[in-house]
Structures are given as structure tokens and as C-alpha cells.
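Reader: Please take me through this structure and set each value against the definition behind it.

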Amino acid sequence: MTTHVRGVAIESGETVMDEQVSGYQAGGRRALDKVLAPDFLDGLRDMDLETLREHRTVAEQEEADLSYARRLIQGRLDLLGAEEERRAGADGATDVRHARSDAELVAKLTDVLADPRRTDHGMGRFTSVEPSRVGEHRRRAELAVADPHLSDLTAMDAAQLQAARDRLVGLEHELSADRHRVQEAMDACTDEITRRYRDGVVSVEDALRSAR
């Protein structure tokens with residue numbers, strides 16, 4: 001029997017590595033649950049501007065947090081891939097080349113940790129929102145990449161490397177799926193605000209007064 005947990009299909013009896021469920025949880029109190037709730041966009045065209053902006057801000061924050069967490073996981077996956085390629089190398093020259101590549105990947109992951117604002121929002125999206133320092137998605141990703149079992153990839157056998165990759169790929173897929181749905185909600189709010197300006201429903205003066 002196959003069960004779907006956190007967007008990943010698993011067979012009965014298989015151990016679930018991460019107990020925290022990703023995706024929308026009905027009645028949940030997380031910001032993600034609010035953004036992905038079926039009624040989050042209800043009555044969008046009739047919302048007052050302040051409420052509409054609040055909706056977009058909540059969605060933007062979740063998108064920033066998910067984007068940052070996703071980049072952390074992808075950075076660790078790059079390191080795992082580099083180690084697998086190094087082992088597949090047949091001569092010293094290959095080892096030197098991969099050692100140089102490893103150093104570049106470590107620098108890349110360090111860069112992500114040092115500057116969380118550099119997130120890929122895609123589709124021409126722009127946001128000035130920074131990832132939360134204690135956000136749920138950030139904590140999950142940082143715990144995953146800081147796993148002590150991943151601190152020395154050269155000491156892991158092939159099975160352990162594959163298991164680590166599978167777990168991180170599953171988490172990256174979860175984060176990506178949530179991020180895509182959050183982006184849809186964020187885009188819907190942005191489109192409605194844009195429509196109001198375009199159609200003259202809201203003037204610049206009205207917007208400035210609402211922002212005070």
C-alpha cells in the first residue's frame with residue numbers, strides 16, 4: 001500500500017525521516033497554512049486595499065523563506081553530487097579537478113548562508129522581503145544541511161550518500177511545491193493591486209493615504 005506523506009509516496013512500513021508535515025494543514029496556525037488555505041483569496045476583488053496588501057505581504061514573506069530554504073538544500077545536494085562524481089573519477093587529474101569544484105561548491109553554500117537575501121524568485125518577481133531569521137522553513141533546511149552525518153562526505157559509503165541524497169531531494173521537492181503554490185497566491189494579490197491602479201479603482205493618493 002502506498003501512502004502520500006509530505007508530497008512523497010512511501011510504501012507501508014517505511015520509516016519517515018522527517019515528522020514535520022509540509023504543505024497546507026487545515027486548521028494549522030503557520031503562515032503557510034494561512035496562505036495556502038482555500039479561502040485565502042476569497043473575495044479578492046472586494047478586499048479593501050490595506051487587507052489586500054497584508055495578504056500579499058504574508059505571501060511574500062513565505063515565498064522568501066521557502067526560496068532561501070530551497071537554496072540551502074540545493075547547495076548541499078551540489079556537494080553530494082560533487083562527492084559522487086569524485087568517486088567516479090579514474091585518475092589523479094580528475095581528483096584535482098573535483099577538489100577544485102568542491103571548493104567552489106563550499107564557497108557557494110557559504111555565500112547562501114552569508115547573504116539570505118539573494119533568492120531566486122523567478123518569473124520576473126521582485127520582492128524586498130528578507131527571509132525570516134527564525135522561520136520554520138529556514139530551520140528545517142539548516143537542520144538538514146547541518147546534519148553531522150553529512151559533515152564528512154568522504155567517510156560515507158555509497159548507500160549512505162544515496163540515502164542522504166534521497167532525503168534532501170524529497171525535502172527540496174516539498175519546498176518547491178509549497179513555494180510554487182505560495183507564488184500563485186502572491187501573484188494573484190499583486191495582479192489585483194495592479195488591476196486597481198490600471199483601472200483607476202485606486203489612485204496613487206488613495207494608496208499613499210492607506211499606507212500611512
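Reader: What makes the confidence in the protein chain what it is, on average and by residue?
Author: pLDDT is the predictor's confidence in each residue, from 0 to 100. The protein chain averages 76, and 66% of the residues score at least 70. Over residues 1-21 the pLDDT is below 50, yet beyond near neighbours in sequence this stretch has 27 contacts in the model, a contact being heavy atoms within 4.5 Å. This is a predicted model, in which local features need pLDDT of at least 70 and side-chain atom pairs count only at pLDDT 80 or more, while totals for chains, interfaces and linings use all residues. Residues are numbered from 1 along each chain as its sequence is written, and side-chain values use heavy atoms, with hydrogens and water left out.

Reader: What makes aspartate 48 a cap of α2?
Author: A side-chain oxygen of aspartate 48 lies 3.2 Å from the backbone nitrogen of glutamate 50, at the N-terminal end of the helix. A polar contact is a pair of N or O atoms within 3.5 Å; within protein, one must be able to donate a hydrogen and the other to accept it, and residues adjacent in sequence count only if both atoms are side-chain atoms.

Reader: Why is histidine 55 called buried?
Author: Buried means under 20% relative accessible area, exposed over 50%, and partly exposed in between (1.4 Å probe, protein chains only). Histidine 55 has 13% and is therefore buried. This residue of helix α2 touches Phe40, Met47 and Cys189, not counting residues up to four places away in sequence.

Reader: What makes up the largest nonpolar core?
Author: A nonpolar core is a set of buried Ala, Val, Leu, Ile, Met, Phe, Trp, Tyr and Cys residues joined through side-chain atoms within 4.5 Å. The largest has 32 residues, and among those with the most contacts inside it are Ile73, Leu80 and Leu153. Leucine 153 touches residues including Leu79, Leu80 and Leu161.

Notes:
Helix = DSSP H or I, 4+ residues; strand = E, 2+ residues; numbered from the N terminus.
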